[in-house]
Amino acid sequence: MVLSKTASQTDVSVHSTFASRYVRNSLPRFKMPEESIPKEAAYQIINDELMLDGNPRLNLASFVTTWMEPECDKLIMDAVNKNYVDMDEYPVTTELQNRCVNMIAHLFNAPLGDSETAVGVGTVGSSEAIMLAGLAFKRKWQNKRKAEGKPYDKPNIVTGANVQVCWEKFARYFEVELKEVKLREGYYVMDPAKAVEMVDENTICVAAILGSTLNGEFEDVKLLNDLLVEKNKETGWDTPIHVDAASGGFIAPFLYPELEWDFRLPLVKSINVSGHKYGLVYAGIGWVIWRNKEDLPEELIFHINYLGADQPTFTLNFSKGSSQVIAQYYQLIRLGYEGYRNVMENCHENAMVLKRGLEKTGRFNIVSKDEGVPLVAFSLKDNKSHDEFEIAEMLRRFGWIVPAYTMPADAQHITVLRVVIREDFSRTLAERLVMDIGKVLHELDTLPAKVSAKLAMAEEEHGKNGTVKKTAIETQREITAYWKKYVSERKTNKNKIC
């Protein structure tokens, strides 16, 4: 089953203008062609279609790294044919992974002795890392409950409603109840006090987020740890903490070294981080680090020998490329502590430039925090006539990809726009974005008010007629569809005039 929708349901062929010097016949879109085609034609056909993708540098929705140095690009291509799982055949690659694990563990203040090695593993991304950490917590909790002769069939995890979707995946895939602390207007992260109230004897861990996807804010892991220590004393439980530092793990040690969020806190047993976000590596690498060997149950580790020597493995995936592991090691030794600090400071400064520019318009409320992931999340002070979805749609005309979205429960009535500041987002681009947002606002001010009022009236009529009322999301989709059509028609008419 293909989950994603295809771009075209009617045209069953792929055409290419430039490749016609090599091949004139159209290719089937959803079936393998019967005959081979020249390599030049295959390249050109694919290249022509890919040109319609967005520009990664202007994709301000993504936290994922889009630029690396040419020297690292070369290392990546040189290693692209190495299967990372073949540890016996590629022992140096395995050694580089182990070095990365230890460097990151020290960065997170793991309690390691001089001769101790860290416990951790490279993953495809933070999603896999979270799955592994969650499985370790679940198995350790189950083993303890079995030993005590207690039921072990209803594990749960306590999180904020702002968690990334991978936590929901873990809960559903591995049959763990996800207990979410609801948000509220003005407070868009998990409240530690409310989280601890929700902890019970079946809680396998509390998951704290260091860098919320919604607004970049760091949750108060120190307060969570202190409150949970007290509850554990009162109840006799030993509920631990996992820190999802996917976005903030490579930021906090360099911008906020005094902030206590990591293994300095006794209840923090594991931490995940995305190397492909502020670890400054292309997409496809994450890391999960455990505090001690005892925090990773031995029965979850598999030992294989059919690729050569005995190889311990704890992953959801098996085969995967070596390139990103090598790229992570390159960044760690190339930049060092000084280099990472410089990059993060520059990102933070550029975020402040963008924030000040948006504030000068007088049209936005800033919902992100100065301390956290270098991003700016903002919402319109007045969205009665036009809303954030319209701004996001119209910014695409300038090439900018800026997401607009609603907050989770119980702040779903708040809509925000979010700009993520990565290493390749310069101050000049920040200033240019503010200018383009100003142009969009000016144009929206000249347009008729959005159709939400008309839709509301229609909804009222539907209600009178006994028709089922549409949800807020359905109404918002109608509004967004209307404005897409409106903007598209304006583009068409403008082109006809030209």
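These are my notebook entries on one predicted protein model.

**Ground rules.** I number residues from 1 along each chain as its sequence is written. Since I am working on a predicted model, local features need pLDDT of at least 70 and side-chain atom pairs count only at pLDDT 80 or more, while totals for chains, interfaces and linings use all residues; side-chain values use heavy atoms, with hydrogens and water left out.

**Overview.** I began with the secondary structure and found 13 helices and 15 strands in the protein chain. Here helices (H or I, at least four residues) and strands (E, at least two) are DSSP runs, numbered from the N terminus. Next I checked burial: 49% of the 498 residues count as buried. My cut-offs are under 20% relative accessible area for buried, over 50% for exposed, and partly exposed in between, with a 1.4 Å probe and protein chains only. I then looked at contacts, meaning heavy atoms within 4.5 Å. Of those with a separation of 6 or more, 70% join residues 24 or more positions apart.

**Cores.** Nonpolar side chains tend to be buried together in soluble globular proteins. I looked for nonpolar cores, that is, sets of buried Ala, Val, Leu, Ile, Met, Phe, Trp, Tyr and Cys residues joined through side-chain atoms within 4.5 Å. The largest has 108 residues, and Val243, Phe250, Trp261, Met344, Leu354, Ile391 and Leu433 have the most contacts inside it. Helix α9 (residues 323-361) gives the most to this core, with 16 residues. Apart from it I found another core, of 26 residues, including Met131, Ile157, Phe170 and Val176.

**Asn156.** Is this residue buried or exposed? Asn156 is buried, at 2% relative accessible area, and sits in strand β4 (residues 156-160). Its side chain makes a polar contact with the side chain of Asp200 at 3.0 Å. By polar contact I mean a pair of N or O atoms within 3.5 Å; within protein, one must be able to donate a hydrogen and the other to accept it, and residues adjacent in sequence count only if both atoms are side-chain atoms. Leaving out residues up to four places away in sequence, Asn156 also touches Val176, among others.

Most residues other than glycine have a negative phi, and most peptide bonds are trans. I noted a cis peptide bond from Ala409 to Asp410, with omega near 0°; Asp410 is in the loop between β14 (404-406) and β15 (415-420). Asn109 has a positive phi of about 60°. I place Asn109 in the loop between α3 and β3, and it is partly exposed at 34% relative accessibility. Leu280 has a positive phi too, near 70°. Leu280 lies in the loop between β8 (268-274) and β9 (286-290) and is buried, at 3%.

Which residues line the largest cavity? I found Leu280 again, in a lining that also includes Phe63, Trp67, Tyr278 and Arg422. On a 1 Å grid over the protein atoms alone, a cavity is a set of points where a 1.4 Å probe fits but cannot get out, with lining residues having an atom within 4 Å of a point.

Key: On a 1 Å grid over the protein atoms alone, a cavity is a set of points where a 1.4 Å probe fits but cannot get out, and a pocket is an open set with protein on both sides within 12 Å along at least five of seven lines; lining residues have an atom within 4 Å of a point.
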